[in-house]
Amino acid sequence: MDIPEKISNSEKTPDNSGEIRIFDKGDVFGKRTEKASAGRILFIAGFIVAILCIGIGIFKAWEAFREFDETIMREKDSQFYSLISSEDISLENSLDSFCREAETYFERQGLNQLVKEWRESEDGSTGDLREYISSNNLTENPLYSDILMMKDGSQVLSASGRKGFSMLTDADGRGIRICTDEGGRYYMAYETVASEGISYEALIDLEKLYLTSLGENRGRGVILVDSTSTILIARQRGETLIIPVAEADGTKLSRHRDFMIESQGTQQSGGLSIDVEDNKGHTHTERIVVQPSGRTTNGEFAIGITADFDEALRPSRHAAEMILFFGGMTVAGIIVLIFMLILLRRANTANERDLEVLKKKNTAMEELNQNMQALAHHQRLETIGTMTASIAHDFNNLLTPIMGYSIMAAEMLPDDQTEIQDYMMEVYNASVKAKDIVQRLADLSKKGKEESYKVLDPVEVIRNSLKVTLPAKPKNVDVRGRFSSGLARIRGDATQVSQLVINIVLNAYDAMREKGGTLTVSTRIEEGGVAMRFNDTGTGMDAETLARIFDPFYTTKESGKGTGLGLAIVHQICDTHNAKVYVDSEPGVGTEFRIIFPIVQEENMDKATTRVINGAEIRERLDTPAGD
């Protein structure tokens with residue numbers, strides 16, 4: 001096939017078969033264009049998703065703020081209802097107290113007698129009657145304003161001598177209605193009907209009622225509307241405003257009044273947010289919550305509580321805005337931090353490798369330091385052992401003649417020289433104690449030879465050792481034995497193992513000498529060996545003492561009562577016998593020593609059932625009792 005020498009947008013490329021194939025550059029450009037288009041589509045899609053996420057986030061944040069405001073509003077309304085309940089009870093108490101006092105006064109016999117005389121008088125003079133009413137005891141009540149005597153609905157006289165009172169409403173079931181004087185001042189009148197057209201009106205000063213029952217109410221407003229929606233009472237700029245309901249038009253109270261009248265009409269409690277303008281022309285939102293008179297305890301007034309709603313919401317809104325703002329800053333900071341961490345990750349890799357090497361070196365140095373401390377401690381013990389062996393030998397040479405000559409001197413004294421004989425025996429006894437201490441020092445320096453060890457019955461060693469310690473046992477200490485190791489045997493030096501038991505038992509006696517107690521000595525198979533357990537109920541030891549009990553010459557006993565060598569010898573014996581020693585102690589509870597010796601098996605033991613306990617095969621007789 002002929003191939004043109006010039007091929008537009010193409011190249012001739014030989015393949016492995018020697019043939020020439022055409023490689024079109026347009027295909028390459030097309031593929032690149034397709035990739036670029038796909039990248040642009042992906043970028044646009046990501047951009048759209050980001051915009052949608054932002055829009056949804058803003059919408060949800062706006063909904064959250066709106067729900068937040070509604071929640072705050074419900075909480076505030078709940079607080080307002082609680083305040084209304086408190087104000088309602090206060091009003092009821094004030095009104096009830098006044099009405100009871102007025103009722104009591106109007107039922108007095110003297111008042112009824114004077115009214116009867118007034119009816120029967122020819123001139124109709126009310127002088128005595130007015131004087132009696134003027135001196136009534138209601139004047140001591142803080143709500144009192146005046147008392148009116150009415151006949152057939154017309155005023156006959158008043159305690160203050162004032163005239164021109166008009167009743168604006170009919171008396172309700174409680175006998176209370178609204179009235180006004182000739183000066184336009186409003187009162188609440190408590191009516192009591194007597195007989196033959198005579199009735200009495202005890203007037204309540206509404207301003208005093210408001211201030212006495214409700215107070216100044218700083219930070220919030222309290223509005224009262226009577227049950228007939230005739231008058232409105234509120235507190236503004238330090239003054240008590242008592243006006244007809246209709247006169248509230250054109251004032252800030254008008255919208256509050258309208259909502260309270262509406263609530264009175266439906267007898268339903270509720271709340272309303274109202275935009276009001278203050279004296280400086282600033283608009284803010286006030287919240288009013290109303291309880292109609294039919295749902296109050298006093299029954300005479302509808303009660304409305306008002307407060308600046310913006311002021312109540314402002315701290316919460318500010319806090320939410322700050323949370324949103326600083327939350328955004330936190331997210332931005334986290335993104336920057338992640339970016340920085342990615343950049344620092346590569347740099348930290350080498351540092352982490354160096355740190356790992358340093359950690360390994362530090363661990364090796366710590367192990368080396370521990371080994372050096374252990375070696376130094378071992379060397380100190382060896383030095384003490386060498387020194388004590390030499391000292392023990394020299395002291396024995398000195399103590400032997402002292403003990404011998406003290407006995408000889410005591411025997412040569414006449415029988416009547418008892419006092420000097422006692423002195424010599426004191427010398428002898430002191431020498432014996434000194435020799436015992438020297439012997440302990442010598443034992444501390446010895447390392448028993450393993451070739452001299454024998455197979456021992458641990459129970460037998462313990463029993464024999466306990467017999468040796470019986471003279472030293474306090475009378476208030478009880479010793480109990482519980483042996484369940486069967487025919488298990490240990491290998492060791494009988495003298496040293498006995499000394500180990502004796503030293504531990506004597507220490508237990510000393511711990512229980514004052515208060516008494518119980519020492520329980522037991523054996524059992526444990527951790528593949530024979531465990532000797534010594535449990536006492538003595539004073540116990542704290543952690544600091546427990547850490548040093550095996551140190552040579554360390555003792556907690558009083559001067560002259562201990563050498564500090566007993567437990568050091570125990571530790572040395574355990575070391576030479578490949579035994580493990582564990583100590584558990586608690587102040588005021590007691591101490592437990594647990595010594596675990598390796599088990600050995602005698603070749604000449606009687607045949608018995610074989611069982612494996614904790615990995616160690618031992619032989620024991622089936623009929624061997626645990627014993628005590």
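Trainee: Is lysine 151 buried, partly exposed or exposed?
Mentor: Lysine 151 is partly exposed, with a relative accessible area of 29%. Buried means under 20% relative accessible area, exposed means over 50%, and partly exposed is in between (1.4 Å probe, protein chains only). Before we go on: this is a predicted model, where local features need pLDDT of at least 70, side-chain atom pairs count only at pLDDT 80 or more, and totals for chains, interfaces and linings use all residues. Residues are numbered from 1 along each chain as its sequence is written, and side-chain values use heavy atoms, with hydrogens and water left out.

Trainee: OK. What does lysine 151 form a salt bridge with?
Mentor: With aspartate 152; the closest N and O atoms are 3.4 Å apart. A salt bridge here is a side-chain nitrogen of Lys or Arg within 4 Å of a carboxyl oxygen of Asp or Glu. Aspartate 152 counts as exposed, at 60% relative accessibility.

Trainee: How many salt bridges are there by this rule?
Mentor: The count comes to 19.

Trainee: Which residue does arginine 100 meet in a salt bridge?
Mentor: Aspartate 96, at 2.0 Å, N to O. Helices are DSSP runs (H or I, at least four residues), and they are numbered together with strands (E, at least two) from the N terminus.

Trainee: And how accessible are those two?
Mentor: Arginine 100 is partly exposed at 48%. Aspartate 96 is partly exposed too, at 28%.

Trainee: What about arginine 480?
Mentor: Its side chain meets that of aspartate 478 in a salt bridge (3.1 Å, N to O). Arginine 480 has a relative accessible area of 40%, and aspartate 478 has 35%.

Trainee: Which residues do salt bridges with shared partners join into one network?
Mentor: Glu526, Glu527, Arg533, Lys580, Glu592 and Arg594.

Trainee: New topic. Which residues form a negative surface patch?
Mentor: Glu117, Glu120, Asp128 and Glu131 form one. Helices α2 (109-120) and α3 (127-134) are the elements that give two or more residues to the patch. Patch residues have over 30% relative accessible area and no salt bridge; like charges are joined within 9 Å, and nonpolar side chains (Val, Leu, Ile, Met, Phe, Trp, Tyr) within 5 Å.

Trainee: Where is glutamate 117 found?
Mentor: In helix α2. Glutamate 117 is partly exposed, with a relative accessible area of 41%.

Terms used. Areas by Shrake-Rupley, 256 points an atom, 1.4 Å probe, with all protein chains shown as cover. Lys, Arg positive; Asp, Glu negative; His and termini not counted. Charge placed at Lys NZ, Arg CZ, Asp CG, Glu CD.
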